[in-house]
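Hi everyone, thanks for making time this morning. I'd like to walk you through one model, so please have a look at it while I talk.

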Amino acid sequence: MTDPKKSNNTAKPKRSFLARFSAFTDKFAYPLRTSHYVELLNPLWAGHALRAKVVKVWDETKDSRTLTLKPGFNWRGYRAGQHVRIGVPLNGVQYTRTYTISSPPERNDGLFTITVKAIADGRISHHLVRDVKVGSFLAIGLPQGDFYLPDSRPVKPLFITAGSGITPAMSMLESMLAKDRMRDTVHIHYAPHEFDAIFNKRLKQIEIEQPAYNLNQVFTHEYGEHKQTKGYFHAEQLERLCPDWRERETYACGPQPLIEAMEKHFTQEGMLRHLHIERFSAQLAEIPKEAVGGTVSFLKSGIDAIADASTALLRVAEDAGMNPPHGCRMGICHSCSTTLLSGCVRDLRTGKLINDIGSKIQTCVCAAAGNCELDL
Ligand code: FES
C-alpha cells in the first residue's frame with residue numbers, strides 16, 4: 001500500500017543544486033541576477049536568456065548562407081522541420097526573425113544550422129547573409145512548430161518547396177538518412193535558375209544514392225515569358241512530376257503565391273487535409289483601394305510617424321527608430337500586442353477595421369486606417 005505521506009502530489013519539486021546556488025547568489029547580485037554576470041564570462045552560460053554562437057558560415061548560393069550555431073545551455077532538442085526565432089542586433093536595435101532549422105536533429109555535435117536567403121528589402125536577412133561573422137552571438141528562442149513528419153504512421157511524403165522554403169525539407173531528408181529510414185519520397189523544388197538552387201549539390205547526391213528519393217527541380221526562368229503558366233506550380237505539372245500525389249502527404253514551404261496556388265488546387269481536388277503548409281508570413285486580405293493611412297502616434301515614446309494603409313505598425317515603429325516588442329511577425333505569438341488609445345487601425349489579415357478604444361491590437365498585422373494613437 002502506498003504511504004500517503006510519500007505520495008503527496010502537492011510536494012514541491014526538488015531544485016537542482018545549480019538552481020539553489022543561483023537563488024542564493026541572486027541575493028547578492030540584486031537588482032540583476034547571477035546569470036547576468038555569468039553572461040559576461042560566456043553568453044552561452046546565461047540562464048536568463050538563450051543565445052547561440054555562430055561557429056561557421058557557408059555560402060550556399062550568391063545570396064544565401066548557412067550559419068552553424070552553437071546554442072547555450074538552455075537549448076532543447078528539436079524535430080526535423082521545426083523553426084526557431086533568431087534575434088539580430090542591428091544599429092543598436094534588436095530585431096527578431098523566424099528561420100527553419102536546416103540541419104537534422106540527429107547531429108551529434110550539439111550544433112544546428114539555419115539557412116538564410118537575402119530577400120529584397122529584407123535588411124535582417126541581408127545582414128545575416130552578408131555581415132554576421134564567426135564568433136558573434138545571436139539571441140535565439142526554443143524550437144517551435146508542427147511542420148514535421150508524423151512518427152505514429154508511415155507516410156509517403158511529397159515535398160513541394162521553393163527558394164529558401166527548402167530548409168525544412170532538407171532537415172527532414174537528412175533526418176531520414178541519419179536514421180537510415182528514407183521513405184518513398186518525391187520532391188518538387190522551384191528555383192529561378194540552377195545556380196540559385198539552395199542545396200542543389202546535396203540534393204542531387206541524395207537522389208543518386210537513395211533510390212527511394214525522387215527529385216524534380218524546376219528552374220522557372222528557363223521558361224522565359226511562360227514561366228508564370230508553365231514554370232510555376234500548376235495541376236498538369238503536378239500530375240506529370242508526381243502522378244500518385246493523391247496517395248501522399250504533401251509538405252509545402254515557399255513564397256505566398258506558391259502556397260496559394262497549392263491551397264486552391266488541393267481544395268478543388270478535395271485533398272486539402274493532406275496538405276501541410278509552413279508559412280513565414282501572415283496570409284493577408286486584399287486592402288480596399290480607397291483605404292488610407294494616417295499619422296501614428298506612439299504615445300509612450302513620444303514619436304509620430306506617417307504610415308500608409310498597408311504597412312504593418314510594427315514596421316512603421318521600427319522605421320521610426322523604435323524597438324517595440326515582437327516575435328513571430330505573423331500574428332501568432334501576440335508579443336507585439338499593444339493598446340489602441342484612439343483612432344482606427346485595420347487588421348491586414350481580415351481587412352476589418354478596429355476602432356474600439358482600449359482594445360489590444362497586434363502591431364505586426366495591423367496598419368493605420370486614419371490617424372491613431374498607440375500605447376507604445
Ligand atoms: S509579433 Fe507575433 S503576433 Fe505580432
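Before that, some housekeeping. This is a predicted model, where local features need pLDDT of at least 70 and side-chain atom pairs count only at pLDDT 80 or more, while totals for chains, interfaces and linings use all residues. Residues are numbered from 1 along each chain as its sequence is written, and side-chain values use heavy atoms, with hydrogens and water left out.

Let's begin with the sheet. It is open, has 6 strands in the order S4-S3-S6-S1-S2-S5, and its pairing is antiparallel. On the edges sit strand S4 (93-100) and strand S5 (112-117), each pairing on one side only. Neighbouring strands here are turned by 40 degrees against each other on average, direction ignored. For the terms: helices (H or I, at least four residues) and strands (E, at least two) are DSSP runs numbered from the N terminus, and two strands pair if DSSP finds at least two bridges between them.

Leu90 has Val93 in S4 as its bridge partner. Now find helix H3 (residues 123-130), which lies across strand S2 (64-71), S3, S4, S5 and strand S6 (137-140) and runs at about 85 degrees to S3. That angle is taken between N-to-C directions on a scale from 0 to 180 degrees, with axes fitted to C-alpha atoms, for helices over the stretch in contact; contact means heavy atoms within 4.5 Å.

Which strands does S14 pair with? With strand S16 (residues 360-362) there are 3 antiparallel bridges, and Ser337 stands opposite Gln362 there. With strand S17 (residues 366-374) the antiparallel bridges number 6, and Ser342 is partnered with Glu373. Strand S15 (residues 353-354) is also antiparallel to S14, over 2 bridges. S14 and S15 form a hairpin with 5 residues between them, and Gly351 in the turn has a positive phi of about 80 degrees.

That brings me to phi angles. Most residues other than glycine have a negative phi. Asp180 is not a glycine, yet its phi is positive, about 60 degrees. Asp180 sits in the loop between helix H4 (166-178) and strand S8 (185-191). Phe199 is another non-glycine with a positive phi of about 60 degrees, placed in the loop between S8 and helix H5 (200-209). Are these two residues buried or exposed? Asp180 is exposed, at 71% relative accessible area, whereas Phe199 is buried, at 11%. The cut-offs are under 20% for buried, over 50% for exposed and partly exposed in between, using a 1.4 Å probe and protein chains only.

Finally, salt bridges: a side-chain nitrogen of Lys or Arg within 4 Å of a carboxyl oxygen of Asp or Glu. By this rule the count is 22. Arg123 pairs with Asp319, with the closest N and O atoms 3.3 Å apart. Arg123 is in helix H3 and Asp319 in helix H9 (residues 313-319), so this bridge ties together parts that are 196 residues apart in sequence. Asp319 also meets Arg315, at 3.4 Å from N to O. Both of these lie in H9, 4 residues apart, about one turn of the helix. Zooming out, Arg123, Arg315, Glu318, Asp319 and Arg329 are linked in a network of salt bridges.
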